[in-house]
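Visitor: I would like to learn how to read a ligand site in a model. Could you take me through one step by step?

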Amino acid sequence: MLLAIFWMLLFTIVFLYLYLRRIIEFVSERKRLIQLVDKLPGPHAIPLLGCAYQFKWNDFEFLDQLKSWATEYGPKGFVRIWVGPVPLIFVTKVEAVQEVLDSKVLLTKSSEYDVLAEWLGTGLLNSKGEKWRSRRKMLTPTFHFNILIGFCEVFAREAQILADQVEQYADTDQSFDLFPYLKRCALDVICETSMGTKVNAQIHHDSEYVMAVKRLSELIWKKWRLPWFRLKPVWYLTGYKTEFDKCIKLLTDFTRKVISERSKQLEIEMSMQANNSNGNTVKKRPAFLDLLLMMKNENKLTYEDIREEVDTFMYEGHETTSSSMGWTLWYLGHNPHIQQQIFAELDDIFGDSDRPITVDDLKEMKYLERCLKEGLRLCPAVPLFARQVTEDTPLCGYTLPRGATVVISTIYIHRDKEVFPNPEDYDPDNFLPERIATRNAFAYIPFSAGQRNCIGQKFALMEEKMVIATLFRKYEIKSTETADQVRPMPEIILKPPKGFEIKLFRRHK
Ligand code: HEM
């Protein structure tokens, strides 16, 4: 009996020592977080629900509500919004954006990115600390301009397939949704440039790979937007977990198979090169995968590291570009006078010739580039990104406490009327060199900025120019829906609620 009491006492003491200490630490950390977060201006919050009790149910009304809170509480650079027990600190002013993105401390992605990790692992987008730093250093040269030049042939070929596919609608006065065509084109581009293999999504619309990418993006967004899906029982019971895992397996198995085949092929090519004494080898354009496999040969990466990075490029590299091309084309479809200026630029470059577009031609398309940049200003493909505050960080006269999440909304920052005089108007002249020179560089950040900026931004702009120029060499377009019908939906990637309905007309030069 005494022994039993002794063991019980010992157990209780150990339990209290181990857990009570943690509970006390948790409570005091939480108290501290709440105190510091509540020093930031923001709407009224109540325990547990935070500001959520005031949230509008309708998506668009909710967005308007966030915007009006940012205007009301954000003049000092931040507004804090409690989403239940989670404090989100939205950045509202350019000066604060600069401090956040320039910070050497705010480099860690927030827990919202964890759902992506199940697919992308800790590839460049998700990784942190030393892993991210060394990977970024290693991967930056793979996006060098000389490598991108080699991809232009892929951009041009896929753009031409797109132009051929939509020809059926030309001069029919029938409107159609351009978005799925753009998505399939961007998917074919990224598959070939990152893996050196083709999925031919533009031709086989219902390939398993294409369907899995589409479904996975929908499920990831569901988990982000509706917090109850983060609870494991709900996620499992709704069957989404099984579907999610099935898509991930299909995609990652595909990537692993491509890596393994490509690796064998590369070995054969290298030994052929070594045996070929007269050096008459045919030089093939390397895909990102080939460059990563060479790093593996130098023991810098494992197969799984390569898989993570290739899948990261696959994800980051096609939804973003298709969204941004779609928005730009939609704005252009409402602005025939701007299309005329693009036609004039293209006619200056090509005259009556229908020769293929070269890299040098792309450099000449200065006006088209301004149009793309303006599209990305009004509708940035990545409308939100977030950082975890890992240590107390003084910013703009406040302290951002460790444990909080800082959110930058590009779509909000890009529409600041103190920076862009008519922020809601589509005006490519916002990107005239003299206008750019007058504003803070952090007022326009579609590719983020600072150390964790987008590694693929040059790739994206080259691809988009190629696709849009190919379309406009042949067609003019008219958007058939109004701005009210096509309000941007801020999912992970900014999308139209339904699509981009347009009519297509052959150009008569
Ligand atoms: C219009 C097209 C694109 C836009 C608007 C865009 C935007 C962005 C933004 C805002 C970030 C920072 C995200 C964050 O901090 O959470 C980012 C990161 C990244 N992007 Fe892009 N992106 C585009 C195209 C691409 C392409 C084509 C690729 C690859 C082929 C790519 C690869 C990446 C990667 C790997 C990162 C993570 C970089 C790091 O953390 O070091 N992106 N992108």
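Predicted model: local features only at pLDDT ≥ 70, side-chain atom pairs only at ≥ 80, totals over all residues.

**Reading the ligand site**

Guide: A nitrogen atom of the ligand is 3.1 Å from an N or O atom in the side chain of Glu316, and a polar contact is a pair of N or O atoms within 3.5 Å. Residues are numbered from 1 along each chain as its sequence is written, and side-chain values use heavy atoms, with hydrogens and water left out.

Visitor: Which side chain has an N or O atom 2.8 Å from an oxygen atom of the ligand?

Guide: That side chain belongs to Arg136, while a polar side-chain atom of Lys109 lies 3.3 Å from an oxygen atom of the ligand.

Visitor: How many residues surround the ligand?

Guide: A residue is counted as near a molecule if one of its heavy atoms lies within 4 Å of it; here 28 residues surround the ligand, and among the closest are Tyr113, Trp132 and Cys454.

Visitor: How do the residues of this shell divide into nonpolar, polar and charged?

Guide: Ala, Val, Leu, Ile, Met, Phe, Trp, Tyr, Cys and Pro count as nonpolar, Asp, Glu, Lys and Arg as charged, and the others, Gly among them, as polar; the shell holds 15 nonpolar, seven polar and six charged residues.

Visitor: What confidence does the predictor give the complex?

Guide: The complex has an ipTM of 0.99 and a pTM of 0.90, and the mean pLDDT of the protein is 90, with 97% of its residues at 70 or more.

Definitions and conventions:
Polar contact = N/O pair within 3.5 Å; in protein donor to acceptor, adjacent residues only side chain to side chain. pLDDT = per-residue confidence, 0-100.
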